[in-house]
Amino acid sequence: MDTENLKIQIKTFFGLEPILAEEVKKLGGKNVELKNRAVNCEGDLGFLYKINYSARTALKVLVPIDEFKAYNETKYYDKLFKFEWDEFMDVDQTFAIDSTVNSERFSHSQFMTFKMKDAIVDYFQNKYGKRPSIETKSPDIKFHLHIDRELVTISLDSSGDALFKRGYRKEQGEAPINEVLASGMLQLAGWDGKGNFLDPMCGSGTLLIEAAMIALDLPAQTFRRRFGFQNWKNYDSDLFSKIKEVRINRVREFTGKIVGYDIDGRMLNAAEANIESAEMEDIIEVRRENFFDTKKDLFPLLMVFNPPYDERISINDDDFYKKIGDTFKTNYPNTLAWLISSDLEAVKKIGLRPSRKIKLFNGKLETRFLQYEMYEGTKKVHKLENKEE
């Protein structure tokens, strides 16, 4: 493997590709290309470590190691059997395979994964008289199989566990937002740690913790114990230690406030446990409040939230979203607010026209991330005042 000029593919969620591309460029990625739910780039081994450790919107960091065309299963197996797997793993290491198959010719992704597993095991058996073991939960080496029609791409997964598993979550909410999606939303909303932040329906606290990490410029994987690349043959522990040290030395002070409200005491307990696990008790404050009874008390203020669905709030969606709009208009003047929702009809009841709409996916749910700008007067008056200034 040429560690000076690695071709790298970084997976993300739909809609977050431009945010990830910016992160990649800042971390030193070259020849950055936006793809669907991914960013392709080039970099050295140090860059690969940096991306895994620091990028907030990366889900997985893959390094392609083989690519070929296969028109039938025999050809596919033969190509895999001839590949030199011992360059990338030892016979006594465990392995697992993730797969994505988009092909009419090879329609059963599970079968293609089994054939690849057989080829790897047979290669080692043939060469060393020993078979490596498969371990699905925490393998030493993780491969990624991608088949697009006849094109087969085999990659090494340098991340191991998906990168949304930051390591700070101790308690789950009933519908917790994914950490990568939360961070992407905050960056789309323009949160840079200047000013104050409010999540008025904070659930188990994911948006609050990700907001604090951005405010402090704390690396996304500060609390993570292990990465896939640490089991690779070319792992450079000194280089990785140096990268972590340099990155941690860039952590900055934060002088604003990060506040979360929730009406549900159980959710606040979960949020407090996660905040404590992330060592953010001094930075994040959570309070048991009904957002609809609150007034703005932080200036300036950015608000971002993921309104809960009706299984947690015993009122219908229309009434609930109307109350959000009324609270915005009456109690939160001169505020920028963003919310994510999959109920595109109910959000109309907010009664304000969103100034931006961004399509995102929360799991398999198609959602809109909506920006609302509240001014004390009308927009027209506000614009006139700005001109006079």
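1. How much area do domain 1 and domain 2 bury between them, and what share of it is on carbon and sulfur atoms? The two domains bury about 1,100 Å² between them, with 66% of it on carbon and sulfur atoms. Buried area is the accessible area (1.4 Å probe) that two parts lose on being put together, summed over both. Within domain 1, the residues that lose the most area to domain 2 are Phe14, Ile19 and Arg56, which together make up 57% of what that side buries.

2. The model is a predicted one, in which local features need pLDDT of at least 70 and side-chain atom pairs count only at pLDDT 80 or more, while totals for chains, interfaces and linings use all residues. Residues are numbered from 1 along each chain as its sequence is written, and side-chain values use heavy atoms, with hydrogens and water left out.

3. The domain assignment gives domain 1 as 6–157 and domain 2 as 179–218 + 255–382; such bounds come from an automatic or database domain assignment. Taken over C-alpha atoms, the centres of the two domains are separated by 36 Å. Domain 1 contributes 12 residues to the contact and domain 2 contributes 13 residues, where contact means heavy atoms within 4.5 Å.

4. Across the interface of the two domains there is 1 salt bridge, a term for a side-chain nitrogen of Lys or Arg within 4 Å of a carboxyl oxygen of Asp or Glu. The side chains of aspartate 217 and arginine 56 form a salt bridge at 3.6 Å, N to O. Arg56 is also one of the residues of domain 1 that lose the most area to domain 2.

5. The structure as a whole holds 23 salt bridges. One of them joins the side chains of lysine 60 and aspartate 157 (2.7 Å, N to O). This pair links distant parts of the chain, 97 residues apart: lysine 60 is in strand S4 (residues 60–69) and aspartate 157 in strand S7 (residues 151–157). Helices (H or I, at least four residues) and strands (E, at least two) are DSSP runs, numbered from the N terminus.

6. A cis peptide bond, with omega about -15 degrees, joins phenylalanine 299 and proline 300. Proline 300 belongs to the loop between strand S10 (284–288) and strand S11 (301–305). Asparagine 31, although not a glycine, has a positive phi of about 50 degrees, and its place is in strand S2 (residues 30–35).
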